[in-house]
Amino acid sequence: AKEKKRHMGDTKHFCPVSLKEDFVLYPGLYEHAAKYKEKIYYFSTSEYRDKFLKNPEEYVAHNEPIQAPPLRVCLLGSHGSGKTTCARQIADKLGIFHIQFEEYLQELILPKTKKKVGPHSGEEPEEDNNKMPILSQELEDFPQTMTKTEPEKSKQEVELTDEEEAIKANLMGNEALPREVLDNIVPDWWRKEPFRSTGFILDGFPRTLDEAQYLSERGLCPDVAVFIQIEESDILNRLFPPRLKKWKEKQHKKMENKKKLKDLKAKIRV
């Protein structure tokens with residue numbers, strides 16, 4: 001006798017409870033299957049299977065097909081691989097949000113730091129935070145040019161919260177973000193509006209195995225993850241020229257300041 005064709009439920013191999021309650025397509029497991037009205041349903045956990053069996057009509061289709069969640073994409077790649085450029089184009093084409101993870105972290109602490117931090121921030125580190133720029137420092141020797149342009153309060157250190165300190169450490173030294181911090185950031189993109197109903201492309205997350213495991217444990221499943229692979233030589237060719245140009249501009253500005261200082265000294269002596 002031929003085996004009867006297996007009829008799957010409305011959500012196919014995805015968990016109907018995860019879809020209904022979390023609006024996520026979470027693949028169900030064979031060991032967490034249940035049969036209802038001659039159809040087989042698969043669930044992400046045994047708890048969700050039990051929840052379904054208590055009130056199955058809440059999780060099955062009735063007059064209309066069950067609505068699928070919007071597209072959620074994780075786009076990965078090394079710094080300089082072009083993932084942000086690709087992510088913007090994809091987001092525009094598909095009408096979904098583009099979330100640049102490191103840029104989002106920068107925005108969380110920017111009100112206190114007043115400038116972006118970290119090696120990829122685009123900001124050149126100051127040569128010596130305890131010294132003033134060459135021109136201003138030398139001009140202190142001349143009483144007629146001594147003026148204070150910054151209030152003392154601006155020189156005081158701004159106190160960051162524990163969460164902000166963790167974000168800053170991550171941006172500065174790639175320190176792992178505590179899961180408590182991730183809980184305050186990442187789940188909202190899956191569960192809260194306007195991201196929940198529109199979808200997004202998440203640029204630069206997850207970055208580590210721990211962050212990937214975090215998504216899995218929280219049931220935050222992307223529909224697709226794309227990794228952009230690129231040769232190191234290509235990254236160098238992309239990133240080095242603008243860095244070199246910026247360094248040359250900075251050196252040119254220093255030379256101009258020195259010349260202005262020299263001319264000012266000569267004028268005062270005369």
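Student: Why is Lys37 called exposed?

Tutor: The model is a predicted one. In it, Lys37 has a relative accessible area of 60%. Exposed means over 50%, so Lys37 is exposed.

Student: Where is Lys37, and what is its phi?

Tutor: Lys37 sits in the loop between strand S1 (29–36) and strand S2 (39–43). Its phi is near 50 degrees, a positive value in a residue other than glycine. Most residues other than glycine have a negative phi.

Student: Why does Lys12 count as partly exposed?

Tutor: Lys12 has 49% relative accessibility. Buried is under 20%, exposed is over 50%, and partly exposed is in between. So Lys12 counts as partly exposed. Lys12 too is not a glycine, and has a positive phi of about 55 degrees. Lys12 lies in the segment before helix H1 (16–22).

Student: What makes the pair of Phe97 and Phe195 tilted?

Tutor: Start with the distance. The ring centres are 4.8 Å apart, and rings pair if their centres lie within 6.5 Å. Now the angle. The planes stand at 55 degrees. Under 30 degrees counts as stacked, over 60 as edge-to-face, and the rest as tilted. So this pair of Phe97 and Phe195 is tilted. The pair links distant parts of the chain: Phe97 is in strand S4, Phe195 is in helix H9 (residues 195–198), and they are 98 residues apart. Phe97 counts as partly exposed, at 31% relative accessibility.

Student: How do you know that Phe101 and Trp189 are edge-to-face?

Tutor: Their planes are 85 degrees apart, and edge-to-face needs over 60. Their centres are 6.2 Å apart, and the limit for a pair is 6.5 Å. Phe101 belongs to helix H4 and Trp189 to helix H8, 88 residues apart. Both Phe101 and Trp189 are buried.

Student: Which residues have the most contacts inside the largest nonpolar core?

Tutor: They are Phe101, Val186, Trp189, Trp190 and Leu202, in a core of 24 residues. Elements that each supply at least two residues of this core include helix H4 (101–113), helix H6 (162–173) and helix H10 (209–217). Another core, of 10 residues, lies apart from it, with Tyr41, Tyr48, Phe52 and Tyr59 among them.

Student: What is Trp189 in contact with, leaving aside its neighbours within four places in sequence?

Tutor: Its partners are Ile99, Phe101, Tyr104, Phe195, Arg196, Phe200 and Leu202.

Student: Which residues of H3 are buried?

Tutor: In helix H3 (residues 83–94), the buried residues are Lys83, Ala87 and Ala91.

Student: How do you know that they line one face of the helix?

Tutor: Look down the axis of H3. The buried residues fall within an arc of 65 degrees, so they line one face. The face turned away from that buried side carries the exposed residues Gln89, Asp92 and Lys93. What covers the buried residues of H3 includes strand S3 (72–77) and strand S6 (224–228).

Student: What comes after H3?

Tutor: Gly95 follows H3, and its phi is positive, near 70 degrees.

Student: Which residues does a cis peptide bond with omega of about 5 degrees join?

Tutor: It joins Glu193 and Pro194. Pro194 is in the loop between H8 and H9. The bond from Phe205 to Pro206 is also cis, with omega near 0 degrees. Pro206 is in the loop between S5 and H10. Most peptide bonds are trans.

Note on methods. Residues numbered from 1 in each chain as written. Predicted model: local features only at pLDDT ≥ 70, side-chain atom pairs only at ≥ 80, totals over all residues. Heavy atoms only, no water. Helix = DSSP H or I, 4+ residues; strand = E, 2+ residues; numbered from the N terminus. Expected span 1.5 Å × (residues − 1). Buried < 20%, exposed > 50% of the residue type's maximum accessible area, 1.4 Å probe, protein only. Arc of directions from axis to C-beta. Contact = heavy atoms within 4.5 Å. Core = buried A, V, L, I, M, F, W, Y, C linked by side-chain atoms within 4.5 Å. Phe/Tyr/Trp six-rings, centres within 6.5 Å; stacked < 30°, edge-to-face > 60°.
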